[in-house]
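Biologist: Before I use any of the terms in a description of this model, I want to know what stands behind them. Please take me through them one by one.

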Amino acid sequence: MNGGKRLPYYLAALLILALAPAYLSSYELSLLGRFLALSILSLGLVLAWGRGGILSLGQGVFFGLGGYALAMHLKLERLGAGEIPDFMEWSGLTSLPWWWAPFRSSAVALLAVVLVPPAFAGGLAYLVFRRRVGGVYFALLTQALALAFSTLLISQQKFTGGFNGLTDFNELFGFALGDPKVQLVLYWITLAFLASAFFFSDWLLGTHFGKLLCAIRDGENRVRFLGYDTAPCKAAIFALAGLFAGVAGALFTLHAGVISPAMVGVVPSIEMVVWVAVGGRESLLGAVIGTLAVNMGKDWISSATPELWLFVMGALFVMVVTILPRGIGGLLEPLLQPETVRYYLKIGRYGLVRWLGLARREIEAGQTGSAMKQEQVEQNA
Amino acid sequence: MERKGVNVSRLRYTFEFTFIVFALLVSAEFALAQGDKLVKVGVLHSLTGTMAISEVTVKNATLLAIDEINGAGGVMGMRIQPIIEDGASDPAIFAQKAQKLLQQDKVVTIFGGWTSASRKAMFPVVERFHGLLWYPVQFEGNECSPNIMYSGAQPNQQILPALDWAFQQGYKRIFLLGSDYVFPRTANLILKKHIVHRGGEVVGEEYVPLGGTDFSSVINKIKAAAPQAVFNTLNGDSNVSFFKQIAAADLPPSKLPIMSFSIAEQEAKAMGPSLVQGSYAAWNYFQSLDDPANKKFVAAYQAKYGADSPVDDPMAHGYLDVYMWAYAVEKAKSFDPDKVRHAATSLEWKDICMGKTKFAPNQSLYQTAYVGELQADGQFKILWQSPEPIAPEPYDPLTFPGKKCVIK
Amino acid sequence: MSEYALLLGQLFNGISVASILLLAALGLALSFGLMGVINMSHGEMLMLGGYLSFLTLRFAPARAAFALAFVAAFFGAGVFGALLEVTLIRRLYGRPLDTLLATWGVSLALQQAARSIFGPIGVEVTAPKWLAGSITVKGGALGGLNFPFVRLFIIGLAVAVLVVMWAIITRTRLGLCVRAVHQDRDMAEALGVRTRLVDLVMFSLGTAIAGLAGAALALIAPVTPTVGQSYIVYAFMVVILGGLGRLLGTLLAAVLVGLFSASVQIFTSVSFADVLLLTFVIAFIQLRPRGIMVVRTRALEEA
């Protein structure tokens, strides 16, 4: 796409974020880290929904798969041989289930984070799209999936920690998670993941495949008539979105120190779509901004007046969809074109001159008529 | 003309500025005159989401205790300033807000939590940032953190006494029914061990998703199993559906005794007492408790939040926690969490609203167990109480042999 | 109680669940089939019906209150649905995914509104005396089998609604228009059918039925701000299974879902039965991507 032209702006934003530890308190930084992790998931939604036209109301599932895969490793990290995680004990298990055992190895856990969510997402999407099931059906099926997944997690307390989820992690690869330095590094790692996901997506959308996605979104049957098999394409982009969600889930689990069914069910999955809808479903940058804005807004509003939050979110949904379908990104993207920037600089200069003029006029008030003054300024500009 | 105008406005600005400075000074003076040194504490409950039903009232009781202590001169001469945050029924938010309270607001302690999930999520945060959390709700035990004061009942203070009582009544074939989350599953695990150990029989065990409303199949299974009593750990609105549907299926509490562990005055009032009348509940506090300190608490609460607002066990614990904290601070002469918790476990017996209580060295509360029967007016008639306050046991020796909670 | 009685009891429970699902899903299936609109706030119409019936029973004269409660629920939800159609859904035609999002926003706001007005604790509706009892089989192979009147009443209500809907669609002029619009919107419009009006009426009728479902549900469960949310996903599953815009399909799907979950619950817990049900639906879509009943159409691009 326009990656080349916009690169300076992207890099500037990246720099501002990278330097955040210098000007944010450590609590604010931990919040920002959390929200940046979530933004990775939003990028995946832009690819699948904004470009591919596949709305998923079950992104929480892939988020959860990534989060749980890493959390399983974190639960096992400090246990000796023969010991089992605390929740298994109070659920009546006496030995580690066989499928937990491999997660002792950090390599297995990391592989699971990057392989399981995309494999599951891609597999599901391929099965469904192969039968040419429509987009609305797919959205509802993914919602059912989110419900089934969270119910399953809760009901299998012995293996998953149930409603409590997995929490109380101390170390990752031998580093104490409570250490402020580790937190700082974790922030930068999250940012690095976000940046790579962002630039990769930006590049991908400019390729032939990216254009094909748009074509599928706008007229799937026409693309079929041109000889393309659309199901694998849709499955591929959905798998990528699943990958992003899984990585986001793993990073979020590290930041939040907990992963539980409350973060993977129907409602959180829809909230994820809100972030992207608010940010602009077609704009990568918009999605990141939307994710940050909605989450910060939630944190702020729910501290001030908790009851208001659902009203605000409901209204946001309705407004974005009816008035501003392209979201913040739709407003912002044109602003970032070099021509427009030059244009706005010009307007800004004009405004400055005019403002200075008005200020001068106040001082010299009574000497010149205001209307004349204004005309003069306009002629000057 | 123009010059004059400028002068007038400048005059006005000067005047306003002086006024504001003056007002600020006066108010500061006023505050100082009141001895207004503030100490911040966090109050962290779900004010929105599914758990708000229960947690808002605990928050109210906590704030009542804070008001009362402030009215009586504060703690160590300082006024307590509560910082209220919403956990939104989401464990991740609980963790996030606990971190905010400790790191950003620099509170000296936190009162809050309800679900085990919320406590588990706050647990690493209070340990990492060296906080002290006062947790007011009965729970499944199996936890032992130096940074948490567990005032809610351990399994051996609520569930097992209820089982004692049921066996006394001759109910030995028992059906276990619960919502699908950690407390019911672990509570039932412990119950199963004890029922079998004492020669009883578990004739069925069922879990329904939180908020579930269809009990037709469960009731069918209960009928097929023909238990002598049902031990019910359903949570919230599911109880209404269950009691309604089991009554419609011709098995009201008068025919099949039901012992509930999550129905208190609050829930009974919301459900309409006629529905649950005659069923039993086990708690460490009932509003009907005949105790002067309790009468005072109930009167104060109803004066503040409405004459018909019910008071129940978790609220009493939320109220008690603030007082215990204040006593401990006065004793330790410090707000430092370590000093406070050590002082708290060495306090004398206190009757704050639920009879004699004190914190054991394992940071859980010695408390009396009661079994009550629900009356038509939504209050419990106390049928049985443990002879004396029961020592808390976080790890049930029969179910989890060899585990012990020792806090230094 | 014998195994046989348990089995038969579950069969009855399955049909009873199916009747509630049918009431909840019927309106959804209608608007989905006709307009391609996914109304995520449909569950909140259930909630609205429940609260309206609660209010009616509280304030209306005792004798007529029960019937009035259902009338209030029906018309209240219907009027609300009509408002929703005119103010929001009409603006989003042809953008099914956007409708889905916007109506979800509406549903959030409605839930919070209910919470602010009625409080987060569920309110309770007491069924009249004549609905309180049950028929119990005494003795014999089926001893202990029991049919509560409330559940029989709800099954009856579902059957009645189904018959009325069938009559409207096959026997009235409105039904003719509905079928015409369903088959070919442009052609129907060209022949003078006021398609927008047909949409409005059917959408409003759909939400009105959901209101009825809410009032019926209030007889066996508390009315809470989130009551809709716990049914909406299952209602959607019924719609997906049933196929677009066919009453018979929706009926079959509701019965299938009800019986499936009731029979699975004999062997497993309620939680796990839910998981199996949702997996079953996803698997079923593999076999019949258009649901049980397929309306043959030549149109290539569908919702």
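**Terms and the values behind them**

Modeller: In chain B, 70% of the contacts between residues at least 6 apart in sequence join residues at least 24 apart. The model is predicted.

Biologist: What makes two residues count as being in contact?

Modeller: Their C-beta atoms, placed from the backbone, lie within 7 Å.

Biologist: How many residues does chain B have, and what percentage of them is buried?

Modeller: Chain B has 408 residues, and 59% of them are buried. A residue is called buried if 20 or more other C-beta atoms lie within 10 Å of its own. The C-alpha trace of chain B spans about 95 × 50 × 40 Å along its principal axes, and the chain holds 13 helices and 15 strands.

Biologist: Why are H2(B) and H11(B) called roughly perpendicular?

Modeller: The axes of helix H2 (residues 52-71) and helix H11 (residues 292-305) of chain B cross at roughly 105° and come within 11 Å. Angles from 65 to 115 degrees count as roughly perpendicular, and H2(B) and H11(B) are therefore described in that way.

Biologist: Which residues make that contact?

Modeller: H2(B) contributes B:Asn60, B:Ala61, B:Leu64 and B:Glu68, and H11(B) contributes B:Ala300, B:Tyr301, B:Lys304 and B:Tyr305. By class, the contact has 5 nonpolar, 1 polar and 2 charged residues.

Biologist: How do you know that strands S3 and S4 of chain B pair?

Modeller: Pairing requires at least two bridges between the strands. S3 (residues 110-112) and S4 (residues 133-135) of chain B have 2 bridges, in the parallel sense, so they count as a pair. The bridge partner of B:Phe111 in S4(B) is B:Trp134.

Biologist: What is the order of the strands in the open sheet, and what makes a strand an edge strand there?

Modeller: The order in chain B is S2-S1-S3-S4-S5, with parallel pairing. Strand S2 (79-86) and strand S5 (148-150) each have a single partner strand, so one side of each is left without a neighbour in the sheet. Neighbouring strands of this sheet are turned by 25° against each other on average, direction ignored.

Biologist: Which helix packs on the sheet, and what is its direction relative to S1(B)?

Modeller: Helix H3 (residues 91-104) of chain B does, touching strand S1 (38-45), S2 and S3 of chain B. Its direction makes about 180° with that of S1(B). Angles over 145 degrees count as roughly antiparallel, so that is the word for this pair.

Biologist: What does the assignment give for chain A?

Modeller: It gives domain 1 (3-336) and domain 2 (339-380), and the C-alpha centres of these two domains of chain A lie 48 Å apart.

Biologist: How many residues does the contact between chain C and chain A take from each chain?

Modeller: It takes 38 residues from chain C and 39 residues from chain A. Helix H4 (96-118), helix H9 (227-242) and helix H11 (270-287) of chain C each supply at least two residues of the chain C side. The largest share of that side, 14 residues, comes from H4(C). By class, the chain C side has 25 nonpolar, 8 polar and 5 charged residues.

Technical notes. Residues are numbered from 1 along each chain as its sequence is written. Chains are lettered from A and ligands numbered from 1 in the order in which they are written. This is a predicted model: local features need pLDDT of at least 70, side-chain atom pairs count only at pLDDT 80 or more; totals for chains, interfaces and linings use all residues. Helices (H or I, at least four residues) and strands (E, at least two) are DSSP runs, numbered from the N terminus. Axes are lines fitted to C-alpha atoms, for helices over the stretch in contact, and angles run from 0 to 180 degrees between N-to-C directions. Domain bounds come from an automatic or database domain assignment. A residue is buried if 20 or more other C-beta atoms lie within 10 Å of its own, exposed if 12 or fewer, and partly exposed in between; C-beta atoms are placed from the backbone. Ala, Val, Leu, Ile, Met, Phe, Trp, Tyr, Cys and Pro count as nonpolar, Asp, Glu, Lys and Arg as charged, and the others, Gly among them, as polar. Angles under 35 degrees count as roughly parallel, over 145 as roughly antiparallel, 65 to 115 as roughly perpendicular and the rest as oblique.
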